[in-house]
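Visitor: I am new to this structure. Please take one part of it and go through that part closely, ring by ring.

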Amino acid sequence: RHGAVKSEDTFKTSPFHFDLWFYFTLQNWVLDFGRPIAMIVLPLEWFPLNKPSAGDYFHMAYNVITPFLLLKLIERSPKTLPRSMVYVSIIMFVMGASIHLVGDSVNHRLIFSGYQHHLSVRENPIIKNLKPETLIDSFELLYYYDEYLGHSMWYIPFFLILFIYFTGCFTPVEEDSRMPMAALLLMGPSSLYYWYLVTEGQIFILYIFTFFAMMALVMHQKRKGLVLDSNGLFLFYSFIITLLLIALWVVWLWNDRILRKKYPGVIYIPEPWAFYTLHMNNLHAAKESL
């Protein structure tokens, strides 16, 4: 029966999945973080603005490889997990990432026309002068699909699958609650990617609720005499380091008035690409003019 938890599952242990965590971290950095960089760095003549860019192909590969790796991660859990929920989450993940592919592809192309990510859609010079004005509504709809609907359908299933996997990462054996050197080496790149994911995706609420759920589960299982295994520790500590990186990022940009205007409200977490178009892009332009 799918979703049933066998009594013997509690006492199974699983070695650290170095291969899966390594592939997972590598493809996240190359196919997710690297896709907008590839689009900007590679010559525009290779990928005309009316055709898919290198970043789009990176995104397509990400949409195929990531669900596969998530499924393999679930399969290696020492505990039988609710497969129906996992399958539905994977389907939603692919749908959300595909919606994001289209919106993100168009939005990043707008950079070549002078679009500035640190400004809202209506405040962008290339957008607010469009005629008829109903075209602005169309660009706002595109932004909604990219930044809100696409991100929600992408990231909610992603973190849900990680949490479902995390529920099976407990063992009664204290010796299994140790991370090998390989896990320590992967923790830095993994945490840094999660920082990028949370800040660029604007999903701090989702991330922090997932982290709090992990903490609550760890305390609950501790009362039963269970501790995290090496895979659970890797995921848990990665989330802790991510939180510290987010805090440093916010403190660094706390007094930035322009970014403050785009990200009003209690939760102020600027996007890295908004920071790039505001500061780094201007710095490059200044150097080229010298």
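**Aromatic rings on a helix**

Guide: Helix α7 covers residues 204–223, and both Tyr-207 and Phe-211 lie in it, four residues apart, which is about one turn of the helix. The model is a predicted one. A pair of aromatic rings is described by the distance of the centres and the angle of the planes. For Tyr-207 and Phe-211 the centres are 6.4 Å apart and the planes are at 5° to each other, so the pair counts as stacked, the cut-off being under 30 degrees. Both residues of this pair, Tyr-207 and Phe-211, are buried.

Phe-211 also takes part in a stacked pair with Phe-236, at 5.8 Å centre to centre and with 25° between the planes. Phe-211 belongs to helix α7 and Phe-236 to helix α8 (residues 230–252), so this pair ties together parts that are 25 residues apart in sequence. Buried means under 20% relative accessible area. Phe-211 has a relative accessible area of 6% and is therefore buried. Phe-236, at 12% relative accessibility, counts as buried because of that cut-off.

Technical notes:
Residues numbered from 1 in each chain as written. Predicted model: local features only at pLDDT ≥ 70, side-chain atom pairs only at ≥ 80, totals over all residues. Heavy atoms only, no water. Phe/Tyr/Trp six-rings, centres within 6.5 Å; stacked < 30°, edge-to-face > 60°. Helix = DSSP H or I, 4+ residues; strand = E, 2+ residues; numbered from the N terminus. Buried < 20%, exposed > 50% of the residue type's maximum accessible area, 1.4 Å probe, protein only.
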